[in-house]
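Welcome! Please take a moment to look over the structure shown here, and then we will walk through it together.

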Amino acid sequence: MNSRTLRIAVCSILVLAICAGYVSAANNLLVNPSFEEVDEYGEPTGWEMYAASPMIASASISNEMAASGKNSLLCSINYALAGKKEAVLMQDVPVEKNKVYKIGLKYRKENFKETGPYLTINIYDKDGKEIAYDEPLIMKDHNKIDDPLLFWEDMGFRLVLKDTGSDIGEGKWVDHWVIIKTNEDTEFIHVAVGIKAKNPNNTGKIYFDDMYIEEVQ
Ligand SMILES: [Ca+2]
């Protein structure tokens, strides 16, 4: 193979790789779903962060542990102090009306013994107001969970993956997913991912990675 042929071959492979990357990225509607991109301040691009007391419960991008790529979202309780501790990342994702979407994530706990992690899903209208569903509710299906302390809770106006102190995910990555349907007024899916703990007695960490929102139907 001469150098010109080699160059063409390398370029062709690059183009194919870029196309493949584009196609798979196009299926996931979330921006920065694997927490790989950070701005000059180390904040994850595409996400809005909220922490009530960031010294006590924090959310940050970490390279200590990752399900894919180099980074993940780390939410930690740094001091065991009384009160409600919350640290969360949020994103509003434009979606279509009357379609079915699958939403999922991976997480891993490290010595985390409190309530949390959680994933909250709201369906928003064009004004960013949450839409309340009557029967049928938001959720159509979800992954099977063999632990009464961990469950998907559909309140009609909000769908939450709630962990009330299970051991699931301790020391290993676990997957959770849910299938939802948008309605006639839907413009956005709002997701919030992080930790919420009330009067924590322990410090601990949770890593999140590989989130997705995909249209399935
Ligand atoms: Ca990642």
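Let us begin at a loop: Asn 111 is found between β5 and β6. Strands here are DSSP runs of E with at least two residues, and helices are runs of H or I with at least four residues, both numbered from the N terminus. What you are looking at is a predicted model, in which local features need pLDDT of at least 70 and side-chain atom pairs count only at pLDDT 80 or more, while totals for chains, interfaces and linings use all residues. Residues are numbered from 1 along each chain as its sequence is written.

Back to Asn 111: its phi is near 55 degrees, a positive value in a residue other than glycine. Is Asn 111 buried or exposed? Asn 111 counts as exposed because it has 11 C-beta neighbours inside 10 Å. (A residue is buried if 20 or more other C-beta atoms lie within 10 Å of its own, exposed if 12 or fewer, and partly exposed in between, with C-beta atoms placed from the backbone.) Asn 98 sits in the loop between β4 (84-94) and β5. Asn 98 is not a glycine, yet has a positive phi of about 50 degrees. Asn 98 counts as exposed, since 11 C-beta neighbours lie inside 10 Å.

The loop between β5 (100-110) and β6 also holds Pro 117. Gly 116 and Pro 117 are joined by a cis peptide bond, with omega about 5 degrees. Another cis peptide bond runs from Glu 135 to Pro 136, where omega is near -5 degrees. Pro 136 belongs to the loop between β6 and β7.

Now follow the chain into strand β6 (residues 118-124), where you will find Thr 120. Why is Thr 120 called partly exposed? The label applies because 18 other C-beta atoms lie within 10 Å of Thr 120. Leaving out residues up to four places away in sequence, Thr 120 touches Arg 158, Val 160 and Ala 192. Touching means that the C-beta atoms of two residues, placed from the backbone, lie within 7 Å. Thr 120 and Leu 161 are 41 residues apart in sequence, and their C-alpha atoms are 6.5 Å apart in space. Leu 161 is in β9, where it stands opposite Leu 119. Strands β6 and β9 (residues 159-163) run antiparallel and are joined by four bridges.

Let us step back to the sheets. Strands pair if DSSP finds at least two bridges between them.

Which residue in β12 is the bridge partner of Leu 74? That partner is Tyr 207.
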